[in-house]
There are 4 protein chains.
Amino acid sequence: MNKITILIHCKDRPNIIASITNFIAINGGNIVYIDQHVDREQDIFFIRLESEFSSADFSVDAFKTLFKNALVEKFNMKWRIYSSDRKPKMAIFVSKYDHCLYDILGRYNSGELHLEIPFIISNHNDLKPIADSFKIPFYHIPVTKDTKEDAEQKQLELLEKFNVNFIVLARYMQIVSSKLISKYTNKIINIHHSFLPAFVGAKPYHSAHKRGVKIIGSTSHYVTEELDAGPIIEQDVAYVSHTHNIEDLIAKGRDLEKIVLANAIKLHTNRKVMVYNNKTVIFS
Amino acid sequence: MNKITILIHCKDRPNIIASITNFIAINGGNIVYIDQHVDREQDIFFIRLESEFSSADFSVDAFKTLFKNALVEKFNMKWRIYSSDRKPKMAIFVSKYDHCLYDILGRYNSGELHLEIPFIISNHNDLKPIADSFKIPFYHIPVTKDTKEDAEQKQLELLEKFNVNFIVLARYMQIVSSKLISKYTNKIINIHHSFLPAFVGAKPYHSAHKRGVKIIGSTSHYVTEELDAGPIIEQDVAYVSHTHNIEDLIAKGRDLEKIVLANAIKLHTNRKVMVYNNKTVIFS
Amino acid sequence: MNKITILIHCKDRPNIIASITNFIAINGGNIVYIDQHVDREQDIFFIRLESEFSSADFSVDAFKTLFKNALVEKFNMKWRIYSSDRKPKMAIFVSKYDHCLYDILGRYNSGELHLEIPFIISNHNDLKPIADSFKIPFYHIPVTKDTKEDAEQKQLELLEKFNVNFIVLARYMQIVSSKLISKYTNKIINIHHSFLPAFVGAKPYHSAHKRGVKIIGSTSHYVTEELDAGPIIEQDVAYVSHTHNIEDLIAKGRDLEKIVLANAIKLHTNRKVMVYNNKTVIFS
Amino acid sequence: MNKITILIHCKDRPNIIASITNFIAINGGNIVYIDQHVDREQDIFFIRLESEFSSADFSVDAFKTLFKNALVEKFNMKWRIYSSDRKPKMAIFVSKYDHCLYDILGRYNSGELHLEIPFIISNHNDLKPIADSFKIPFYHIPVTKDTKEDAEQKQLELLEKFNVNFIVLARYMQIVSSKLISKYTNKIINIHHSFLPAFVGAKPYHSAHKRGVKIIGSTSHYVTEELDAGPIIEQDVAYVSHTHNIEDLIAKGRDLEKIVLANAIKLHTNRKVMVYNNKTVIFS
């Protein structure tokens with residue numbers, strides 16, 4: 001049984017759902033999941049479908065061509081079609097904090113994540129033992145003012161060599177370059193340790209403590225040129241009080257960061273996220 | 001513009017989505033909302049659609065007939081079709097607690113609820129002033145051991161006279177009769193003041209306090225013959241601690257009850273709920 | 001039985017707790033509640049005590065004098081002592097939104113709030129019927145550019161005439177003057193419809209929608225000169241998604257606003273809040 | 001600087017707080033933390049204090065003796081005094097699930113937990129590699145009907161040999177014997193994968209799915225003779241919907257279990273928990 005996932009967005013138009021579902025039926029597909037959304041302010045239509053094809057000689061590439069000819073131009077669609085037998089490849093970038101890395105690798109090991117991790121890149125060597133214990137290749141690529149361009153070049157080479165599909169910044173403490181962002185648009189997932197847009201930038205727990213908030217948060221978003229301003233994928237919060245000092249906020253925040261980042265990775269991997277106007281549509 | 005909402009469930013079968021969407025398109029409808037769910041254990045398919053028909057001579061009844069002939073028998077569907085220009089009529093049953101009543105009427109007054117409230121029934125006279133201040137007819141129907149059957153008869157007459165579509169038990173402290181339940185199957189919404197199935201029955205806050213739970217809850221569900229065991233529509237919780245005595249739990253619980261019941265009413269009114277196997281599918 | 005509540009903060013010093021508890025014991029008091037906090041960064045000590053005095057000739061004023069002489073100067077304390085038989089008087093300021101007003105008055109009516117409401121002030125006449133139905137005096141004091149000073153004068157006269165202790169801005173859509181703020185420092189409670197410090201200022205739900213956040217919030221804080229920047233008393237949040245348009249956010253937000261504001265009022269009324277460095281200590 | 005933590009509970013009596021604080025002051029201690037609670041239904045008084053003693057020749061044992069003579073008999077106290085320089089020793093019992101083990105060891109490694117882990121016991125060999133990678137001794141003690149008593153004996157010997165203070169059942173899939181429970185009363189922490197008291201016993205996620213709940217939970221409690229009925233230390237919940245099948249519930253539940261268990265361990269380790277009447281007082 002072949003299974004594909006289709007993501008489409010385009011200007012909203014009458015009969016668009018019927019046109020798509022009809023096209024799939026005619027081509028031998030059985031729709032097993034459909035969910036849609038219309039942004040009525042912007043008049044944009046979004047749809048996510050999963051369809052099964054029982055024919056032995058089904059080819060995703062052939063289907064893509066048919067789909068393109070029949071529908072894409074007619075409705076001026078932005079579209080992606082994924083075959084569900086292909087696991088996406090995710091590179092992990094880390095620095096010195098280990099909690100998100102432990103969490104991701106623990107989930108990976110227990111089979112919770114439907115993806116492959118070809119390697120981990122870090123600007124420090126501290127977390128190599130963790131990578132080793134999980135038997136994931138670890139590349140130490142130091143980043144200094146002078147070596148920044150070189151480092152980036154090495155990163156890009158590794159990403160290309162291993163056909164990486166998306167990148168997770170698991171508390172990677174370096175600004176990612178424009179070149180990387182433009183090559184991996186909406187494919188670099190960051191975890192920010194605050195409830196964005198509150199406390200953009202460095203040291204958000206310090207800012208939260210100073211402001212005396214009663215709730216702290218964590219935000220996973222796609223990386224864009226503007227710092228901490230990319231499309232939000234997932235957020236969560238935890239209650240705090242005056243009894244929590246900065247270290248307590250950081251400790252509580254670690255738990256948020258782990259879960260929020262893991263959920264964002266799952267949503268991305270399961271093709272549940274669509275991006276437009278710097279926002280996301282998250283299908284259930 | 002005519003707008004209808006269609007709810008269907010049936011055994012899962014190939015091409016069912018395409019068949020439905022195609023039928024709507026052929027009959028001049030434009031689908032503006034579609035969401036579906038498959039219970040893979042039970043092999044049951046659920047779908048909710050909203051469709052607009054621009055034709056001046058569109059008739060819901062005619063469409064229902066066409067739909068029935070074309071699809072219902074073929075797929076052995078359980079189905080409902082609602083015209084969105086008809087506001088459902090909701091009767092409110094109360095006893096002496098006023099918080100849910102205030103909350104519902106406040107929302108009703110501010111236009112938050114798309115429904116009509118033909119009347120309030122109570123087995124006590126205490127809340128009549130509230131009904132009066134909101135200008136909703138209030139019927140005092142006392143219930144004692146001896147008058148129970150009579151009271152029930154009066155309730156049924158009022159419900160029929162005003163063509164009531166569904167009933168909300170806003171902390172109504174009487175067991176509803178089998179007769180009423182069978183006449184309003186999945187149309188009587190209750191609010192239970194615990195996180196069901198924990199603390200079924202009377203005095204759940206007392207039980208929660210005794211057990212020393214750290215979280216209390218509230219559950220809105222459809223009323224069935226078995227006490228507090230009907231299909232759950234909505235639940236929510238609040239954190240508590242040893243510092244909360246029973247009165248504190250009751251006070252905190254009131255806020256939960258109000259919001260959980262209001263959400264359940266909205267979900268029901270917006271035709272977002274489907275019931276099967278004593279569970280609900282809640283569309284977003 | 002006389003009961004008092006004591007709130008103290010001062011520089012942290014050895015033996016301060018023993019000094020206070022000893023003083024109370026010597027003067028015939030039995031401590032029934034004690035909670036304390038030390039801000040170790042600022043080296044500030046906070047304590048909240050409730051103490052009962054069984055003596056028939058106990059006088060709060062006499063106790064205050066004794067307390068002042070024995071401890072206040074020695075430890076350079078900032079302190080307040082409240083007699084628990086005095087209900088604080090709360091004025092409500094509203095404009096046109098009714099949800100917070102309904103909520104507060106509903107709680108007031110059911111005995112949930114230990115306070116008196118001498119009057120409601122509004123710059124519009126729209127909510128007078130609600131005030132009337134709850135039998136609370138309602139003063140319509142319009143505010144325009146030209147009448148602002150006059151209006152403020154009328155407000156102050158009413159506040160003084162009725163010996164108001166604190167003010168709640170229940171979605172009052174006017175900037176409160178410096179004069180009022182300085183007269184009621186840390187005694188004016190506002191409800192802001194966002195998770196501060198995110199989305200300061202007007203139309204926070206519009207900003208939240210534009211940013212595509214997955215969680216919205218509400219914040220109750222004391223009013224200070226800087227807009228939406230005063231000490232935070234209480235915050236809460238609700239999960240949202242791309243399916244929620246601005247109206248949905250506003251509706252969901254109303255529920256948050258009601259509960260967050262009600263909790264802030266209760267904390268203030270029960271003398272649970274201490275303010276320092278533009279932050280709060282909230283005792284449980 | 002010597003620091004001790006004192007936990008006391010006894011019948012509530014006048015002047016008890018002053019008596020304790022005075023005793024500490026007289027003996028050269030400076031109280032740096034005090035929190036108290038009174039269960040007014042049961043008339044029980046609880047207090048937790050942290051006190052610092054600067055004297056070079058301070059001895060915890062001598063202080064305990066003084067304390068006992070001065071206060072314990074007079075007030076009929078149940079009391080414990082801990083020196084904060086002693087890290088408690090925690091044994092971990094596991095079976096085949098690895099998520100809680102990974103989580104605990106990750107936190108342990110990063111210095112988040114103030115305890116020592118002398119060893120891990122398991123009735124299976126599956127998780128030995130994880131223990132090895134964290135360099136914690138791992139004892140494989142199989143449990144079958146016939147070997148149950150022997151196994152228990154081996155467990156007890158290890159616990160005694162290493163002076164273990166408390167035990168964590170990190171998804172240990174065996175019923176713990178009465179002998180172990182009576183030796184470690186309120187010192188065996190279990191994680192149950194439901195919101196107790198809902199879904200006691202095995203397969204709670206299956207029961208939750210069948211009941212159609214909208215929220216799942218996790219509960220950490222001390223182990224008592226009655227299954228899943230011991231004093232609750234910590235609970236948390238997560239929202240679910242009809243779209244979640246049993247596997248999804250289990251996956252979501254894993255995240256809850258990890259955090260709830262970790263929080264319970266921290267509360268226990270930091271001497272924040274007092275147990276009475278099968279409930280807990282949790283100090284902040």
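## Ground rules

Residues are numbered from 1 along each chain as its sequence is written, while chains are lettered from A and ligands numbered from 1 in the order in which they are written. Because the model is predicted, local features need pLDDT of at least 70 and side-chain atom pairs count only at pLDDT 80 or more, whereas totals for chains, interfaces and linings use all residues; side-chain values use heavy atoms, with hydrogens and water left out.

## How the chains are related

Let's start with chains C and A.

## The interface of chains C and A

Chain C brings 34 residues to the contact, and chain A brings 34 residues. About 2,800 Å² is buried between them, with carbon and sulfur atoms giving 57% (buried area is the accessible area, taken with a 1.4 Å probe, that two parts lose on being put together, summed over both). On the chain C side, Arg211(C), Lys214(C) and His242(C) lose the most area to chain A, together 26% of what that side buries.

## Two helix pairs

In chain A, helix 1 (residues 16–26) packs against helix 2 (residues 60–75) at an angle of about 165°, with the axes 11 Å apart. Helices here are DSSP runs of H or I with at least four residues, and strands are E runs of at least two, numbered from the N terminus. Axes are lines fitted to C-alpha atoms, for helices over the stretch in contact, and angles run from 0 to 180 degrees between N-to-C directions. The two helices of chain A are therefore roughly antiparallel (under 35 degrees is roughly parallel, over 145 roughly antiparallel, 65 to 115 roughly perpendicular and the rest oblique). Residues of helix 1 including Phe23(A) and Ile24(A) meet residues of helix 2, among them Phe63(A) and Leu66(A). That contact has ten nonpolar residues, one polar and no charged (Ala, Val, Leu, Ile, Met, Phe, Trp, Tyr, Cys and Pro count as nonpolar, Asp, Glu, Lys and Arg as charged, and the others, Gly among them, as polar).

In chain C, helix 3 (residues 99–109) and helix 8 (residues 246–269) pack at about 45°, with axes 9 Å apart, and are therefore oblique to each other. Among the residues in contact are Asp103(C) and Arg107(C) of helix 3 and Arg254(C) and Glu257(C) of helix 8. By class, this contact has six nonpolar, one polar and six charged residues.

## Backbone spots to look at

Leu196(B) and Pro197(B) are joined by a cis peptide bond, with omega about 5°. Pro197(B) lies in the loop between strand 9 (188–192) and helix 7 (204–211) of chain B. That loop also holds Phe199(B), a non-glycine residue with a positive phi of about 60°. In chain C, a cis peptide bond joins Leu196(C) and Pro197(C), again with omega about 5°.

Technical notes: Contact means heavy atoms within 4.5 Å.
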